[in-house]
Protein chains: 2
Amino acid sequence: MNKPSILKPHFTMRFNAAWLVLAFIACLSISGAQAADDPLPSWNDGPAKQAILAFVKETTTPGSPKFVPPAERIATFDQDGTLWVEHPVYSQVVYCLERVPAVVKAKPELASQEPFKTVMSGDREAIAKLSMDQLLKIVAATLTGMDVDAFNAEAEQWLSTAKNARWDQLYTDLTYLPMQEVMEYLRANGYKTYIVTGGGQDFVRVYSERVYGVPREQVVGTAGETKYGYRKDGTPFLTKEPKLLLDNNDAGKPEGIHLMIGRRPYAAFGNSTGDRQMLEYTKAGDGARLSMMLLHDDAKREYAYGPAQGLPDTKVGTLTQALYDEAQKQGWIVISMKTDWNRIFAFEEGQD
Amino acid sequence: MNKPSILKPHFTMRFNAAWLVLAFIACLSISGAQAADDPLPSWNDGPAKQAILAFVKETTTPGSPKFVPPAERIATFDQDGTLWVEHPVYSQVVYCLERVPAVVKAKPELASQEPFKTVMSGDREAIAKLSMDQLLKIVAATLTGMDVDAFNAEAEQWLSTAKNARWDQLYTDLTYLPMQEVMEYLRANGYKTYIVTGGGQDFVRVYSERVYGVPREQVVGTAGETKYGYRKDGTPFLTKEPKLLLDNNDAGKPEGIHLMIGRRPYAAFGNSTGDRQMLEYTKAGDGARLSMMLLHDDAKREYAYGPAQGLPDTKVGTLTQALYDEAQKQGWIVISMKTDWNRIFAFEEGQD
């Protein structure tokens with residue numbers, strides 16, 4: 001960082017040891033104050049951090065040619081792989097698989113039917129080989145056909161106890177501290193932060209407020225239909241139906257943003273091909289627009305995956321070479337987890 | 001209203017003429033202050049006004065057994081017939097009919113096809129007899145097949161110039177002042193106010209912020225799909241498609257609320273059979289819930305319609321006898337426009 005210019009006049013004065021000591025103390029206390037005032041302490045200085053700071057400054061400083069009125073300040077964040085760990089498997093898929101025994105208990109005839117039979121066998125290798133169609137059957141069986149309040153209670157229960165194997169932490173603690181800082185910093189500057197996820201809208205809403213400070217109504221996700229009906233006592237309730245209403249991936253992201261928000265974001269954050277259209281759509285707006293893409297290139301502290309820069313391809317969150325090239329061409333900013341973040345999780349100690 | 005108790009000690013002092021004059025002046029200035037503090041000055045005192053005041057007090061006073069945390073304070077308002085005039089025809093239908101000449105100019109082959117031929121004839125009686133299917137054809141032709149930004153610009157242009165015949169006012173000035181006061185009062189007490197309308201979501205979003213103080217993202221309405229695509233220069237854009245995604249009427253209202261907000265409202269306001277499920281769903285929640293229904297019973301200042309209480313039936317905004325009976329049974333509060341409102345529009349002088 002450049003030293004604050006306020007110190008420069010001192011050095012034009014006659015040099016002596018006392019001045020040197022005073023200047024040294026001043027530097028110490030000012031850099032201490034800078035650290036305390038730094039809204040992004042988990043970010044190393046570099047183009048990614050500078051892009052965020054510059055964007056906020058130019059869109060929120062009154063009189064700036066790129067000033068954005070508060071009502072229009074919208075920032076959208078993909079979740080899996082952008083706000084929290086997605087590798088080697090999405091947390092919501094783990095949730096669905098772990099709910100299978102309860103579903104089979106309620107409908108014993110499923111025990112002998114695939115893909116439920118494989119899941120009940122506990123054979124990890126066989127489960128990992130389930131096809132997308134089979135996974136969708138599991139998703140439909142475990143996430144639909146129930147009252148929305150019952151769904152919320154079950155998801156809440158799982159999220160408050162289930163832990164990730166690698167870190168032995170709750171899934172909701174596997175959020176990236178640097179991204180939490182960006183959300184907080186944007187909100188402190190009048191931005192409404194939205195999660196725009198390919199994951200299930202109802203699932204993410206269960207914890208979005210507690211984990212990210214994002215209220216339920218600011219979660220846009222893949223959503224099924226619900227059906228209004230009445231219990232025997234006449235009380236109305238909503239049932240989750242196995243019919244897809246909004247596939248919030250790829251082009252579905254800007255379409256979902258139009259449906260649920262009705263404004264083009266000024267800033268968008270993603271990490272994979274499923275976020276491409278959201279990043280394009282955001283960056284194509286007029287004025288200052290910030291599109292950022294997280295590169296998972298830190299095998300030691302988290303994971304390294306995606307074929308960009310020679311990293312191995314995986315099934316989840318693919319940042320392809322084509323997407324990486326588009327980022328360069330369109331002026332999106334690539335965030336290197338390895339280089340740009342000095343700390344990844346809140347439960348870990350910071351490192352410089 | 002009770003006089004403030006602070007005055008009482010004065011009357012225990014020795015009575016004399018000077019005290020009487022002082023007390024009289026104090027009463028005058030205090031009742032002036034009370035009028036200024038009334039959050040609902042266009043409402044006459046009565047059960048409807050009292051229900052609103054009591055609801056806000058018991059849900060927002062810390063320590064109240066029915067206190068609602070700020071994040072959960074959601075209030076939903078139907079628009080047509082609840083927030084603004086819907087009789088004798090919805091403003092958006094007028095908009096669609098008035099856009100027909102431009103559509104026919106762009107596609108001249110439509111001039112000889114029904115229902116466009118009838119609309120172009122200008123024959124008001126024939127237009128009034130168009131079937132629902134024919135009206136939907138007009139809606140599809142005038143509201144879809146265009147870029148969302150072009151749609152916004154056209155709707156904005158119409159709304160800033162088109163006037164209602166009876167009052168010679170812009171449609172956006174035909175909003176009910178007492179309902180504006182309720183929205184403002186709820187917001188001042190930490191409620192997020194949403195419009196939940198059977199009308200077109202994109203159409204209402206054009207003016208919701210300016211007219212009601214409701215941001216675009218807090219409008220839930222009937223919505224079609226959009227389609228993400230690219231212009232010849234590679235710029236991405238969204239096109240409004242003629243395919244219905246969310247029919248935000250009847251059971252579609254609680255379903256739309258779940259999709260777009262994800263929380264059950266604590267207060268809901270409607271006026272017709274299309275609002276029944278929203279009012280039911282709101283009232284069925286636990287704690288304090290307020291469901292209110294506006295009865296159009298003021299033929300002189302606005303309109304009187306709906307078969308409840310012997311008013312004539314109409315095509316729009318029907319408050320049926322069955323709905324009126326359900327209101328009584330479920331504890332919804334019926335607002336009588338004639339009795340409860342001392343003023344209807346901001347452009348008119350107040351009357352007591």
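Two strands pair if DSSP finds at least two bridges between them. Helices (H or I, at least four residues) and strands (E, at least two) are DSSP runs, numbered from the N terminus. This is a predicted model, in which local features need pLDDT of at least 70 and side-chain atom pairs count only at pLDDT 80 or more, while totals for chains, interfaces and linings use all residues. Residues are numbered from 1 along each chain as its sequence is written, chains are lettered from A and ligands numbered from 1 in the order in which they are written, and side-chain values use heavy atoms, with hydrogens and water left out.

**View 1. The β5(A)–β6(A) hairpin.** Strand β5 (residues 219-230) and strand β6 (residues 236-246) of chain A are antiparallel and share seven bridges. Ala223(A) has Leu246(A) in β6(A) as its bridge partner. Five residues lie between the strands of this hairpin, where Gly234(A) has a positive phi near 90°.

**View 2. Helix α11(A) and its end.** All nine residues of helix α11 (residues 252-260) of chain A are buried (under 20% relative accessible area, with exposed over 50% and partly exposed in between; 1.4 Å probe, protein chains only). Among them are Lys253(A), Glu255(A) and His258(A), as well as Ile257(A), Leu259(A) and Met260(A). Just after the helix, Gly262(A) takes a positive phi of about 80°.

**View 3. The two-fold axis.** The same surface serves both copies, as 100% of the contact residues of chain A recur in chain B (contact means heavy atoms within 4.5 Å). The predictor gives the complex an ipTM of 0.88 and a pTM of 0.88.

**View 4. Aromatic pairs in chain B.** Over all chains the structure holds 32 aromatic pairs. Phe77(B) and Phe269(B) are stacked, at 4.4 Å centre to centre and 0° between the planes. They lie 192 residues apart, in strand β1 (residues 74-77) and strand β7 (residues 267-270) of chain B. Phe77(B) is buried at a relative accessible area of 0%, and Phe269(B) is buried at 1%. Tyr95(B) and Trp158(B) form an edge-to-face pair, 5.2 Å centre to centre with 65° between the planes. Rings of Phe, Tyr and Trp (its six-membered ring) pair if their centres lie within 6.5 Å; planes under 30 degrees apart count as stacked, over 60 as edge-to-face and the rest as tilted.

**View 5. Charges over rings.** The charged end of Arg289(A) sits over the ring of Tyr266(A), 3.7 Å from the ring centre. In chain B, Arg166(B) lies over the face of Tyr303(B) at 4.8 Å from the centre. The criterion is NZ of Lys or CZ of Arg within 6 Å of the ring centre and within 35 degrees of the ring normal.

**View 6. Confidence along chain A.** Over residues 1-16 of chain A the pLDDT is below 50. Where pLDDT is low, the predicted coordinates should not be read in detail.

Note on methods
pLDDT is the predictor's confidence in each residue, from 0 to 100.
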